[in-house]
Amino acid sequence: MLKHRSTAAKRALGAKSASLSGNPPTYEHIVTNANETFLWRVDDYPWERNVWNYHPEIEIHLLRNSSGMAFVGDHIGEFHSGYLTVVGPNLPHDWVTATEPGEIIKGRDVVIQFDPDRVRGISAASPEFGQLDEFFRRSERGLVYVGATRAKAAEMIEQMGDLTGFSRLSLFVQLLDLLASSSEYELLSSPEFAPKLETESLDALQKSLIYIFQNLATDIHMAEVAELAGMSESAFSRFFKKNTGNTFTDHVNKLRIWQACKLLSDTDMPITDICFEVGYLNISNFNRTFLRHHKVTPSAYRRLTTQRRPVRPADQTAA
């Protein structure tokens with residue numbers, strides 16, 4: 001029999017299920033004031049727009065003060081405070097933090113959204129703006145920035161909150177220049193990711209993703225999810241690959257391995273228990289899948305993450 005999930009695992013999965021079920025993955029309508037080139041705002045978490053969504057605008061997103069799971073196209077990964085992403089037009093995305101019932105994380109996100117075609121239109125009079133085209137194309141797969149670029153860009157994004165008018169626009173142009181010229185980034189979504197964004201498809205995918213999250217620690221089968229979506233297994237397999245970029249099995253494995261990484265780095269739970277906690281039925285399959293994803297065994301991963309843990313003040317005193 002499978003072991004019960006840890007409290008942390010339940011909260012993480014519950015948070016995502018709530019995000020998906022509260023509002024369907026949907027088109028976000030963004031309204032920029034007539035006297036502004038871009039939208040700048042601060043969001044608490046959670047709120048009604050914290051859903052798996054897409055929009056034709058490019059989004060620059062700074063996560064200030066939390067950690068959790070990042071979903072960008074077919075990318076599934078972990079984020080921490082200071083995580084800075086650029087998400088291109090019509091690329092579905094969501095950032096999920098596990099919270100207690102009723103908990104609100106004030107100012108978790110700073111969001112900038114702008115129409116790339118509006119910026120491209122400026123290049124007719126100011127050809128220098130044409131240099132942003134390659135950056136806009138890269139953003140279609142989603143970008144996460146690291147290093148000095150991340151730190152400098154985060155500082156500029158925060159400064160915009162105190163500015164208005166041309167001063168804010170000037171800093172925005174500097175930010176675009178920094179991000180466009182930097183090589184300190186990683187691409188997130190795969191080139192093959194090309195979802196069908198019709199409402200009917202998104203609703204079926206929503207139901208499937210919720211079910212996968214709620215049953216991640218069980219012996220989940222594609223047939224039962226396909227039935228939920230009202231499709232044959234073969235049709236659902238093609239549908240799921242088209243709309244997530246992953247096969248059903250790869251998607252489930254990515255989520256399970258992500259949860260295993262959290263338990264390996266944040267707890268002292270025995271590896272065999274973690275194997276069952278995240279839904280694997282035998283340790284050999286767990287070890288093999290983990291090695292394929294991270295190029296190290298679960299025990300080696302735990303040793304590496306333990307070495308990177310910061311020394312707590314109590315530990316320093318004891319030393």
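The model is predicted, so to speak of local features we need pLDDT of at least 70, side-chain atom pairs count only at pLDDT 80 or more, and totals for chains, interfaces and linings use all residues. Residues are numbered from 1 along each chain as its sequence is written, and side-chain values use heavy atoms, with hydrogens and water left out.

- Helices (H or I, at least four residues) and strands (E, at least two) are DSSP runs numbered from the N terminus.
- Strand 5 is mostly covered, with five of its five residues buried (under 20% relative accessible area with a 1.4 Å probe, protein chains only; exposed is over 50%, partly exposed in between).
- Strand 5 runs antiparallel to strand 6, joined by five bridges (two strands pair if DSSP finds at least two bridges between them).
- Met 69 has Glu 78 of strand 6 as its bridge partner.
- Two residues sit between the strands in the hairpin of strand 5 and strand 6, where Gly 73 takes a positive phi near 60°.
- Strand 5 also pairs with strand 8 (residues 93-96), in the antiparallel sense over four bridges, and here Ala 70 stands opposite Trp 95.

**Val 72**

- Val 72 belongs to strand 5 (residues 68-72).
- How buried is Val 72? Its relative accessible area is 0%.
- Beyond neighbours within four places in sequence, Val 72 is in contact (heavy atoms within 4.5 Å) with Val 87, Leu 91, Pro 92, His 93, Trp 95, Arg 141, Gly 142, Leu 188 and Ser 189.
- The C-alpha atoms of Val 72 and Leu 91 are 7.1 Å apart, with the two residues 19 apart along the chain.

**Strand 7**

- Strand 7 is mostly covered too: five of its five residues are buried.
- Tyr 83, Thr 85 and Val 87 point one way from strand 7, while Leu 84 and Val 86 point the other way, and all are buried.
- In a regular strand, side chains alternate between the two faces of the sheet.
- Strand 4 and strand 7 run antiparallel and are joined by five bridges, with Leu 62 opposite Leu 84.
- Strand 7 pairs with strand 10 over three bridges, again antiparallel, and Val 86 has Leu 143 as its bridge partner there.

**Nonpolar cores**

- A nonpolar core is a set of buried Ala, Val, Leu, Ile, Met, Phe, Trp, Tyr and Cys residues joined through side-chain atoms within 4.5 Å.
- The largest has 27 residues, and those with the most contacts inside it are Ile 60, Ile 112, Phe 114, Ile 157, Leu 175 and Leu 179.
- Helix 5 gives the most to this core, with six residues.
- A second, separate core has 26 residues, among them Trp 52, Ile 105, Leu 209 and Phe 239.
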